[in-house]
Structures are given as C-alpha cells and as structure tokens.
Amino acid sequence: MAILNPTTEQVKASVDEALQAANASLRALNKTIWSNPETAYEEHAAHDTICNFLEEKGFTVTRHAFGLDTSFEARSGSGGRLVNFNAEYDALPDIGHACGHNLITTSSVAAFLALSAVLKQYNIPGRTQLLGTPAEENGGGKAKLIDAGAYDGVDISLMAHAGPQELFPGVVSDGCAGVLMNARKEIHCEFTGVSAHAGGNPWDGVNALDALVGAYNNMAMLRQQMKPDERVHCAFLDTPKVANIIPAFTKAYWQIRSPSLKGLNALMARARKCIEAGASASGCEVKIVEKELYADIKINDTLCALYQTHMGAYGRNVLKTHEKVLTGSSDIGNVSYIMPTLHTMFAIGAADGAFPHHPSFAAAAGTDRAHEEALVVGKSLGMIGWEMITNDAQFEQARSQWQKCVKDVV
C-alpha cells in the first residue's frame, strides 16, 4: 500500500534504497564514460552507453533527441510538475574528463533514478526528465536544446558539477550550492587583404596578419581597463605558413567573459572596436560574427538552501553560496534565465592544487571516492526534485525568486 504524504525520512530511505540497488551499474556507467572521453558533439559512445543503461532499467529513451545526434531524453511519472536533470558527458581535447563530466552524468542519472522511484513508490503526481546535454565545453549544447524546445514545460532544472575541496582560496568545504559564473560570448573574425611578394613588391600588398596582430594588441591594451572578473582569451585559427608572402587572409576568435550579461554586452562592444581598429589601420576588410552566448548563472536561494540541507543530512558540509565569481562559464546559465535552476559544485577529494581543466583533475574524476560523492549528490538532487514536486510553497518561493532575479538583467 502506498504511503500518503510520506515524510522526508521515509523518502530519504526510499532514495537510499533505490540507489544502493543501482550503485554497481552506476559505477560501471561512470567508469565507461570516464575511460572513453569524447569531445563536443562527438559523444557517440557516451550517448549509446547512457541510453542502453536507461533502457535496461526499464525507461523509454528518445535517442538523438531535439535535432542533436548526441542528445537524448528520458522521462518518467505523470501529472504534476516537471523536474529536469541535466547530464553532461563531453570531455576536453587531449586531457580527457579533466572537467569531470562523467560525474555530472553519474549524479544526474542517479537523481533521475531516485526521483523516478519515489514518484512510483508513493504514487505521487509529478514528472521527471533526464536530458542529455552535449557540448558544454565548446558548442553550447543547452542553448541549442533550449531553441529546439527541450526545456518546454519544465518547472525546475537541477545539476551538479565536480570541483576541488578548496574551490575558493582559503575556503575548504564539501562544495558550494550556488556558484556565480561569468557570462561568455565568442567573437569570430576574418581579415581579408591583398597578397603580394614580401621581398619583391610588398607595397602592393594589404597585410591581413598586420590586421590580426593589431587587433590582438588592441585587445591586450583593453585588459588594463577591464573589471577584475572579466576575461578575454584568443585563438589564431588561420595564419601564414611562410614568411615571404604578404598574407591576404587571417582568422581568429576571442572568448569574452563578464559576470553579467549587461557587463558582457558592454565589453563585447569595446572588443569589436579593437578588432575593427586592427582592420582599419592595416587597410583590410574584416568580417565579424558573434556566437555561442553562455549566460551568467542566476542563483536561486531556495534551491541552494535545500541542497545545503540535504547534503548536510549525508554528513557533507556545503556552503550555501559564495560572493566570489568563478570566472569560468557554462551553458546552464542559459537555462537559469528561463526557469529556477541549481548548478552546484561538489568536492571529489582531488589532490591539492588540482582544479577542473587540469590533467590531475581528470585522474581524480575517475576514482571510487569521486563516484561516491557523485552518488550522494544524486541523492540530494533527487530529494530536491521531490520537494519541488510536492511542496507548493517552496516551489512558488523558488519561482518567485527566479522571476525577481531575471526581471532586469540587461
């Protein structure tokens, strides 16, 4: 017989039981993804591995979902509010899962299993969605999924990202529920000039390399007047391969970061002028394309407090929020602009000095300890999902906070 209005302790016991039963298969899933790193939009093995796992657990899975070959969707439950969990599984070139996305998959899959079990066991009206979100590192998978309607009808979005115990200088904890991150956008540029022999008739050329170098130097001079948490990074994509030709073409792109969309828009305008000035000074034409917006993450106090509480029930000391901006970016920020969202960071016991995007973090992300932490996080996310479905007052509080937060953002 189903229990009407189960207590938090009863639901927690059900979550623990469900994930204890699934732990061995979750560890195998985690290990398979970690052992076979794939970069943005190439996560074919990860996609198939996760989909096979879910189908073996009895879930119906939509593969290659929403027009993205390496995305998928699974749902369970009926009626009520819809809680989304995001699974990331892309890796970094050359250094594998140095951002620990195998653990994001593990925690989100665990949360989906846990909440699905609770909804079924207690016959609770409510739904949950596990969404495969490729290409977080480079490619903006979630932004494309938003455009394709993947989040339509979702009420709450939840996920967790692995990190070190000392996420902020001098602060050691088991994680942080609400982490501020930068908004980010890319500026791609192509400079076109006129080719000529560099030794014979250089005066007949219009040097596209000069335009690129000029733009780079202009951007470097801009750095001194950028705010402390703003960032600019550049990659040269197409440059001359020989020295005796005035080059007619060069290509590069910049990533521009700022703690808010408003700040990003202002910095982008200044960055464009730096690029245009390089073209103007050299006499080149320039084509500029802006793309791949990653919005800053809107912190939701209600979701952060719930995460802190549930992690505490598992003996984890988690910060609710921190004022320092982590100057990285994530496309979960885009999701946080369309619904209440939690993007938490959890510690995995990495070696001192290990931080995401370092090879030592890739090693830490594959350990049994990291898996156990991801499992605890999955349990906590599942508990939050249950509360968002069953507690009207808490849900409305979370939604009200989100509405206020995004009301005037640009």
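A salt bridge is taken here as a side-chain nitrogen of Lys or Arg within 4 Å of a carboxyl oxygen of Asp or Glu, and that rule will be needed at the second stop of this tour through a predicted model.

Begin by colouring the two domains separately: select residues 8–181 together with 297–408 for domain 1, and residues 183–293 for domain 2. With both shown, the centres of domain 1 and domain 2, taken over C-alpha atoms, are 37 Å apart.

Next, select the interface, where eleven residues of domain 1 are in contact with ten residues of domain 2. The two domains bury about 840 Å² between them, and 39% of that area is on carbon and sulfur atoms. On the domain 1 side, pick out Val 325, Thr 327 and Ser 329, which supply 47% of the area that domain 1 buries against domain 2, more than any other three residues. Across this interface the rule finds zero salt bridges, whereas three residue pairs are found in polar contact. The side of domain 1 that touches domain 2 comprises three nonpolar, seven polar and one charged residues.

Now move to residues 186–278, which an unreviewed UniProt entry lists as "domain: Peptidase M20 dimerisation". Over this stretch the chain is 35% helix and 31% strand, and its end C-alpha atoms are 18 Å apart.

Finally, turn to the charged pairs of the whole structure, in which a search finds 17 salt bridges. Because Asp 392 lies in helix H11 (residues 392–406) and Arg 81 in the loop between strand S2 (72–78) and strand S3 (82–87), the pair ties together parts that are 311 residues apart in sequence.

Terms used
Residues are numbered from 1 along each chain as its sequence is written. This is a predicted model: local features need pLDDT of at least 70, side-chain atom pairs count only at pLDDT 80 or more; totals for chains, interfaces and linings use all residues. Side-chain values use heavy atoms; hydrogens and water are left out. Domain bounds come from an automatic or database domain assignment. Contact means heavy atoms within 4.5 Å. Buried area is the accessible area (1.4 Å probe) that two parts lose on being put together, summed over both. A polar contact is a pair of N or O atoms within 3.5 Å; within protein, one must be able to donate a hydrogen and the other to accept it, and residues adjacent in sequence count only if both atoms are side-chain atoms. Ala, Val, Leu, Ile, Met, Phe, Trp, Tyr, Cys and Pro count as nonpolar, Asp, Glu, Lys and Arg as charged, and the others, Gly among them, as polar. UniProt positions are given in the numbering used here, feature names are shortened, and annotations may be inferred rather than shown by experiment. Helices (H or I, at least four residues) and strands (E, at least two) are DSSP runs, numbered from the N terminus.
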